[in-house]
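Dear colleague,

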Amino acid sequence: MAQTDMDSGDEGGGGGEPEVIVQASVLGGFTESTEVQALISSLPEVHQKMVTRESAIQRFLVIMNRYQEQPHLLDPHLEWMLNLLLEVIRSEQSPPLLVHLGFKFLYIISKVRGYKVFMQLFPHEVADVQPVLDLLCRQDPKDSATWETRYMLLLWLSMTCLIPFDLSRLDGHLTSDPSQAREPIMDRILAVAKSYLMVTDKSRDAASVLVSKFVTRPDVKLRRLADFLDWSLSSISQADDQTMEGTVILDGALQSLAQLFKHGKRDDFLQYAPVVLQCLERRGLAESSQATLRKLGVKLIQRLGLTFLKPRLAKWRYQRGSRSLVANLSLSQPGSAVDAVTPDQETQGHEEDYDIPEEVENVIEQLLGGLKDKETIVRWSAAKGIGRVTGRLPKELADEVVGSVLDCFSFHETDNAWHGGCLALAELGRRGLLVPSRLPEVVPLILKALVYDEKRGACSVGSNVRDAACYVCWAFARAYEPTALKPFVTQIACALVITAVFDRNINCRRAASAAFQENVGRQGTFPHGIEIVVAADYFAVGNLTNCYLAISVYIASFPEYTRPMIDHLVSMKINHWDGVIRELATKALHKLTAQAPDYMTTTVLPQLLPVAIGIDLQGRHGALLACAEIGHALYILASENNRPVTEGFGGELMRPAMCALIEKMSLSKLPSKDDPVITGWQWLIDDTLKSLHLFSAGPRDNIKEAAVSALAALCEQCYQPQPGVADPQVQELLVSQYIAGLKSPEVLTRCGSALALGSLPRFMISGKLDRILSGLQQSSGQREVIFSEARRDAAKAMAQVCVTAGVSAQGSTDSVVCEGNVSMIYRALLDCLSDYTLDSRGDVGAWVREAAMTSLMEVTLLVVDTAPQLLSPDLVNGMMCSLAQQSAEKIDRYRAHAGSVFLRLLHKDHPPVPHIPHKEELLTIFPPEGAGTLNWKAPSQAFPHITQLLRMPQYQYHTLLGLTVSVGGLTESTVRFSSQSLFDHLMLIQRDPDAMGHFSETLLRVFRDNLRNDRVSIPFLKMLDQMLARACFDTFTTEQDHPFCVNLLALCTNEIKKSKDVQKLRSCIAVFCGLIQFQGNVRVKVLFQLLLLLCHPFPAIRKVTAGQMYEMLLTFDDVIDPSVMEDVMNLLSDTDWAGDIATVRTHRNQLCDWLGVPKPQLVAKVVV
């Protein structure tokens, strides 16, 4: 059974799984023996060329891989294949490349058959030891191309180590001639083993096998066992598992120790086991990030536990009397029974009378911890360890272990603990260590594990738990007599059927099918087992749709399974996180209704109705679909062809659908004006507009648009008794209701009410226009952050109402746009263009500005086409200047929208928009033929055009205000192109004193109007810093105390007064340093402000000020007396300006003396 950690949507399309058709291929023997023999014989000829060599390897791999599932068929042929390859390897004429090729073929055979079987065929005479060892020593452990050679040589050496002679005999006269001294064979083999335990390839695994065979030899363990264990424990203690090298060393040492304690005699290793256990505890492998190391740690700990305990077979274990399938199936015949084998009490008591070492408790504790590891391989190893160790414990202690395993099945535990617990229970049951008296506690937990599913993010976890629970059921089928499981047969059978048919994961369905089949064969007591096994076999359950809609219907025809299957669908599947499963579950309930119609009517439907109106969205969706499917199925059963179908609505799907129905029915003029259904339709529309906040953000706009469209169509059809005349009662009711909605504390209710007013037909507006426009004006003017969407929709609705009402110069303000209300409309929309509200979502005021620009364009085009005399020069000037400002701002989308509106009004012809300031110059900058090619979103195209408006007095202020936030912004491309365009303009007017004077006045006016407005003032300071750095005001620097500099310094000083905004302070420091270039008394005032900032409460500001002053004095060397220049520079650079404020003030005062600036005086705080 496949163990998977996460059910991550392997079935994605639900019913999209293909039908699985598998043709079994059972081989009868090794039919390619002749071809393999020829292939091996041809190696000396083909090894020289890479193409022929690779072709031979590939063909041999293809042949061998066919026997992966039936490797025993190779057994009669292994010996001759091995001999042929060893002939090639041993030949003195074989070059190294051919030798490596021979070993590669040996490795391929070993991989298919398994090294434990294949290595036994290697020749292991005394004469083989020295040649194999010498050949292995000649290999390069770092050659990644020949690792198969080293792997097979290590396995071969492992076999040669089994010779029954003392290895010292192979050394000959080792010490007779000092000049011919050689290292003993024993030391050479041990050194080779140690070296290969630290390599990164698969040779490390073979080296651990060599250690287990070699170190356990009688002569080696006497002389080298203790030393080898010391070396291993030292390696474990010193290696760092955070590095690749340390991980490899730990892996080799742990593998070798695990193999030693597995194959060595208990009496030889018992004395070392406590030391090894202590070393592992200190190392803390359970906390390692490497899953392989944690697995090896658990494996070694279980071997230590087995070493502490005497090898014995627990006499108290449950032993099944017969394993015969025929005998089990015959149980259904009367009078046949097979009893379990139970040991006599006297022998059992005698066997339990011995002491258990205290280290065993530690071992079991660590194994139980391993059951909760995050990796499957570690949990599986821990489960096997629990089973092995428990088999050597007395019954009472073993029962405590079982109780600890059951603690894993708490809902406070993770899915990893549940999975490890299932694996452990399966191992305990398989070994007969889970006595039948424990089954009443165990079976309910396994039933819960079979349906364990927990949503986590976009997927779910639990498929591995369900798969392991199926393995437990499979193991129980083999472990227990039918009489032991008889009380639980129905529960287990139903649970397995439910998992096999309804589980989302294909591996779990197949595992449950296999477990059910095993129980049918071994137990013989599952109801209708043979029929169900035939219908729900391994391949049939591969298709999810087939499981839900076909197999489930067949199985539910057996009464034992009907209600459990229905209950599972209702409780677990109709509220499943996967929508495909919910829909399949409801379709399955439709088909299962015929099996239990009364149960569906009296029990299932009453359970579904509360879920259908509950708070869980997925549950509501599934319950509504289930009610519909069950109702339809009951309808079919009752054959009530004329029964009315009532469908509920209450979600994001039904609301827009119902609104669309109302709209289409109204457009079709189907309901009469007096039809009672109209009241219900109006209620639905109003309720939808009031309940927009209850819907998720995605479909909300669609629902809102559908409701507004339905309202417009319904009004046209049902609320005008005579053409063009509204029903006065309905008109008053709706207009009053929606105007009141504009004052709702719920922002989305305001949005819905505003759009509803905007959608009303002309006859519904007539006589109420004043009230509607006044309500919309108030709604659009409320600047609270939470009402940004409401202001946006109010601005949209204002234009919609104006377009619907129409324009008449001398008309009534109650019915049309006229001289009496046009100014109010424009003031409201222009006021929206100054909305710069910010919240956690960013510049939400931009939504309002965008809507206001669109509305201004629509209203202006309407008025121009009908009564252009209503547009005064002030209105048009204010509109065009505001659009120019928006066209110069930093957000690409809104700049592009403003630019398109600006050009649309500028290029309007027949009739044109009157009173546009500087229209001829504007047409020169923005010719009509080039309007389509200008990309306002691209800063490189937009700003060179928009900065040309700075030449026109009417547009200069607003354009400069818009440019300020762009030049002082954060976006690199916007800052670069906007600043470059601005500086190009300044370079053009440098020699024009009037133009420079006018520009500087406008600049100061922008600063003065936005003082303490951080949205403008901080970018303004950044822009000013760039201007001063580029010497844009050089013409002013020659005049003593130029008014521009004096006023600018005063404004900057006022801006940062009592400010704690670090960004603003840093920008102002840069501006002060730029102002030093101006002549006159103003320079002393600038230095005074900088020296004040040198003692600012914020250390960061003091440091920045010192650094900026240092650079300033390097740039403008005429600021101070050259005689103190060096002292000032040294003091600025050497002082720790972030240090104690008293010390810093002393240094600052020294600077004041050198610079000739009055020392700032401390002002005492007045205590009231």
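A salt bridge is counted here when a side-chain nitrogen of Lys or Arg lies within 4 Å of a carboxyl oxygen of Asp or Glu. On that basis the structure, which is a predicted model, holds 41 salt bridges.

Lysine 202 and aspartate 205 meet through their side chains at 3.6 Å, N to O. Lysine 202 is partly exposed, at 33% relative accessibility, and aspartate 205 is likewise partly exposed, at 26%.

Glutamate 413 and lysine 372 form a salt bridge of 3.1 Å, N to O. This pair links distant parts of the chain, 41 residues apart: glutamate 413 is in the loop between helix 20 (395–406) and helix 21 (415–430), while lysine 372 is in the loop between helix 18 (359–370) and helix 19 (376–390). Glutamate 413 has a relative accessible area of 24% and is partly exposed; lysine 372, at 37%, is also partly exposed.

Shared partners join Asp701, Lys704, Arg792 and Asp793 into one network of salt bridges.

Helix 36 also deserves a description. Helix 36 (residues 728–741) has 14 residues and spans 20 Å from its first C-alpha to its last, close to the 20 Å expected at 1.5 Å a residue. Its buried residues are Val730, Gln731, Leu734, Val735, Tyr738, Ile739 and Gly741. Viewed down the axis of helix 36, these buried residues fall within an arc of 155 degrees, so they line one face of the helix. They pack against several helices, among them helix 34 (677–690), helix 35 (697–718) and helix 37 (747–759). On the face turned away from the buried side are the exposed residues Pro728, Gln729 and Leu733. At the start of helix 36, a side-chain oxygen of aspartate 727 comes within 3.1 Å of the backbone nitrogen of glutamine 729.

Finally, the cysteines: the count is 0 disulfides. The sulfur of cysteine 470 is 6.3 Å from the closest cysteine sulfur, in cysteine 508, and is therefore too far for a bond. Cysteine 1032 is in no disulfide either, the nearest cysteine sulfur being that of cysteine 1045, 15 Å away. Cysteine 470 is buried at 0% relative accessible area, and cysteine 1032 is buried at 0% relative accessibility.

With kind regards

Key
Residues are numbered from 1 along each chain as its sequence is written. This is a predicted model: local features need pLDDT of at least 70, side-chain atom pairs count only at pLDDT 80 or more; totals for chains, interfaces and linings use all residues. Side-chain values use heavy atoms; hydrogens and water are left out. A disulfide is a pair of cysteine sulfur atoms within 2.5 Å. Buried means under 20% relative accessible area, exposed over 50%, partly exposed in between (1.4 Å probe, protein chains only). Helices (H or I, at least four residues) and strands (E, at least two) are DSSP runs, numbered from the N terminus. The expected span of a helix is 1.5 Å times one less than its number of residues. The arc is that of the directions from the helix axis to the C-beta atoms. Contact means heavy atoms within 4.5 Å. A polar contact is a pair of N or O atoms within 3.5 Å; within protein, one must be able to donate a hydrogen and the other to accept it, and residues adjacent in sequence count only if both atoms are side-chain atoms.
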